[in-house]
Amino acid sequence: MDNILEIRGLRKFFGEKRALNDVSFNVERGSITGLLGPNGAGKTTLLRIINGIMVADAGEALINGTPASLKTTGLIGYMPEERGLYDKMRVEDQILYFGQLKGGDKKRLREVMNEYLDLFNLVPDRKRRIKELSKGNQQKVQIISTLVHEPELVILDEPFSGFDPINGQLLQELIDRLHSRGATIMLSSHNMPAIEEICSDIALINKGNLLVNDSLANIKDQNRDNSLLLTTSSPLNLDSLLQSKVITDISPLKTAGGRKGYAYKAFKTPGSPNMDLLDEIAMQTDILHFEEALPSLTEIFLKYTSGQMHPTLNTPDDSESAPQSINN
């Protein structure tokens, strides 16, 4: 497996507070990974170490096999949650400035900048000062400044913040475009529906510990609960279904997606084939829709961060004392 990013046993303390607790995971080249966690989980600390802004107390982050430092930042396009634009600079000067800081060629930077200005409908604003733009357009300039040097690894921290649904969709299209061109993308966001739609892999951190790291498909599969969603043309006799022993519970729902009929969520008896349930329902009415109800990413996130689900990953003993010298 070709990994563009390798996180190996990262630890970071701020005084007695453990911000990262022996965190290890890899990001495969060409993947789109969601970095999740509640506020204060350690995500920002992790991203700053990856970008050479902060030094770990133990462990290392490798970019293309090289320890993360200011020298590897040219390979990365990093947009932090705390935006950093210069209010008095003109839009195109701002973008080119950041691109040159990352080692980009000015001629190529201008070509890429023009492409992104057109994509984000900012061509008429290229000569305006940053402070004259709306917050949404300032966000677009920040994104272009992050991407203009064509980085191999793109890290976006809360990229959907400040975007309306139209611009949020435009950002998703941009991420698709970057991915199709071979970029590896890491998204850190509280926008669970967007992460669920975009990302193929998930890393979930809480209180400095890595709780989950796997493909989204595997994570959902591991958290399935034998629940099914179905829609029928007429109401079901729920008592009759429960007596059949093919389900352990069933409850009505509001129909969704513009469907007609009567919607239900049923919990199948473990080991019972789907066809047994379908046969029981078919004896009562026509089935209009039937699918397995895999848990949403939001549901999985809440289970792990609330302690309802426990990680299978190994973490060091929390009783271990903090190091005597702290590198900040």
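**The largest cavity**

Modeller: Leu 36, Ile 202, Leu 204, Val 212, Ile 219, Leu 297, Ile 300 and Phe 301 line the largest cavity. Two elements give two or more residues to this lining: strand E9 (201-206) and helix H10 (297-305). H10 gives the most, with three residues. Helices (H or I, at least four residues) and strands (E, at least two) are DSSP runs, numbered from the N terminus.

This is a predicted model, so local features need pLDDT of at least 70 and side-chain atom pairs count only at pLDDT 80 or more, while totals for chains, interfaces and linings use all residues. Residues are numbered from 1 along each chain as its sequence is written, and side-chain values use heavy atoms, with hydrogens and water left out.

The lining has eight nonpolar, no polar and no charged residues. Here Ala, Val, Leu, Ile, Met, Phe, Trp, Tyr, Cys and Pro count as nonpolar, Asp, Glu, Lys and Arg as charged, and the others, Gly among them, as polar. The volume of the largest cavity is about 30 Å³. A search of the whole structure finds one cavity of 30 Å³ or more. A cavity is a set of points on a 1 Å grid over the protein atoms alone where a 1.4 Å probe fits but cannot get out; lining residues have an atom within 4 Å of a point. Grid points are joined across faces, edges and corners, and a volume is the space filled by probe spheres set on the points.

Next, the salt bridges. The structure holds 17 of them (a side-chain nitrogen of Lys or Arg within 4 Å of a carboxyl oxygen of Asp or Glu). One joins the side chains of Asp 2 and Arg 29, at 2.7 Å, N to O. This pair links distant parts of the chain, 27 residues apart: Asp 2 is in the segment before strand E1 (3-14), and Arg 29 is in the loop between strand E2 (17-28) and strand E3 (32-36). Asp 2 is partly exposed, at 43% relative accessible area. Arg 29 is also partly exposed, at 32%. Partly exposed lies between buried, under 20% relative accessible area, and exposed, over 50% (1.4 Å probe, protein chains only).

Glu 60 and Arg 8 also meet through their side chains, at 3.5 Å, N to O. Glu 60 sits in strand E4 (residues 58-63) and Arg 8 in strand E1, 52 residues apart.

Terms used. 1 Å grid on protein atoms, 1.4 Å probe; cavity = no way out; pocket = protein on both sides within 12 Å on 5 of 7 lines; lining within 4 Å.
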